[in-house]
Amino acid sequence: MIRSIGSFIRGLPKAELHLHIEGTLEPEMVFELAHKNGVLLPYSSVQALRDAYNFDDLQSFLDVYYAGAAVLRDESDFHALTWAYLCKAHDQGVVHAEIFFDPQTHTAHGVPMAAVIGGIRRALVDGERAFGITHRLILCFLRHLSAADAMQTLEEALPHAAAISAVGLDSAESGNPPAKFASVFARARREGFLTVAHAGEEGPPDYIREALDVLGVSRIDHGVRCEEDAALIERLVREQVPLTVCPLSNVMLKVFERMQDHNLKRLLHLGVCVTVNSDDPAYFGGYVAENYLAVYRALELSRAEIVQLARNSIRASFLSAAEVGVWMRRIDQFVATA
Ligand code: HPA
Ligand code: ZN
């Protein structure tokens, strides 16, 4: 069968490893939930909200993203949000999703931790039953808040530890280095969580090094600024530290001016384990398949390179070695018949 590239990308089994569930909140759902929950929005219409999706940098995005997330108030909201994402992800060939959530955004509005985790978790279980999509949940600390606030959040989450695989670090990177959260991540590791962190999106390559050395992370989220430091790239290749790259996000937040300038292909050719992800798809103009398609076109990737990216996503996941093996064979079968 000769498939179009769009159909090839959608059909290719892949994992999504960098996805903020709050970043899947589409404008229509923002208004629907604002109405349901009596939350006053600083936007007059769906169109006015969409018009605000014109970002200068990470912070200008975060302002809109936190305003949107404020409409999520009860367990059913988190279920609806996560379910809508899983339906889209299934359509795009996602077979395994590792999902970030930002509990501090919600507990600050008085939403109980149990409602946040319970709603997301219930949808993930429904998604596994309906689509066979396996999942991990990653609790992210907001790095613009204090380490003490993060520690308190970790303690509040401990009763739900069975639902959570890893902790991560997101929000405003510049001026909030990984080392600020050294003791929180040490505690999280003692409690049995894996760790990841956003680093090298807007922050310098040293933040990537710090995330590895001080926070003991298994993956770097974004990490694209590693390119400024040859010794660091060598280390990422040697240790096969995965980078969860988000191409549409990087262009929308002006990490790269144009998609043609993106360094994903260069990093791939240097042997870095790069993966493709959607970050906040409701805000950045596309879900995971659109991200693959955007780099395929702008960087003139081959289908073999697209397959390599999908393989990397499975290998970089927190799935067991046996599960990784199963999906590698499924990818081989897909390629053989595509
Ligand atoms: N970077 C930092 N924090 C975030 C992001 C991001 O890309 N998306 C949602 N929170
Ligand atoms: Zn992110």
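## The shell around ligand 1

Helix H4, residues 58-69, gives the most to the shell around ligand 1, with four residues (helices are DSSP runs of H or I with at least four residues, strands are E runs of at least two, both numbered from the N terminus). The model is a predicted one, where local features need pLDDT of at least 70 and side-chain atom pairs count only at pLDDT 80 or more, while totals for chains, interfaces and linings use all residues. Residues are numbered from 1 along each chain as its sequence is written, ligands are numbered from 1 in the order in which they are written, and side-chain values use heavy atoms, leaving out hydrogens and water.

Who else is there? Among the residues around ligand 1 are His20, His198 and His222, counted if a heavy atom lies within 4 Å of the ligand. The shell divides into four nonpolar, four polar and four charged residues; Ala, Val, Leu, Ile, Met, Phe, Trp, Tyr, Cys and Pro count as nonpolar, Asp, Glu, Lys and Arg as charged, and the others, Gly among them, as polar.

On the oxygen side, a polar side-chain atom of Asp279 lies 2.7 Å from an oxygen atom of ligand 1.

## The whole chain

Step back, and the protein chain comes to 17 helices and eight strands. Its C-alpha trace spans about 50 × 40 × 40 Å along the principal axes.

Conventions:
A polar contact is a pair of N or O atoms within 3.5 Å; within protein, one must be able to donate a hydrogen and the other to accept it, and residues adjacent in sequence count only if both atoms are side-chain atoms.
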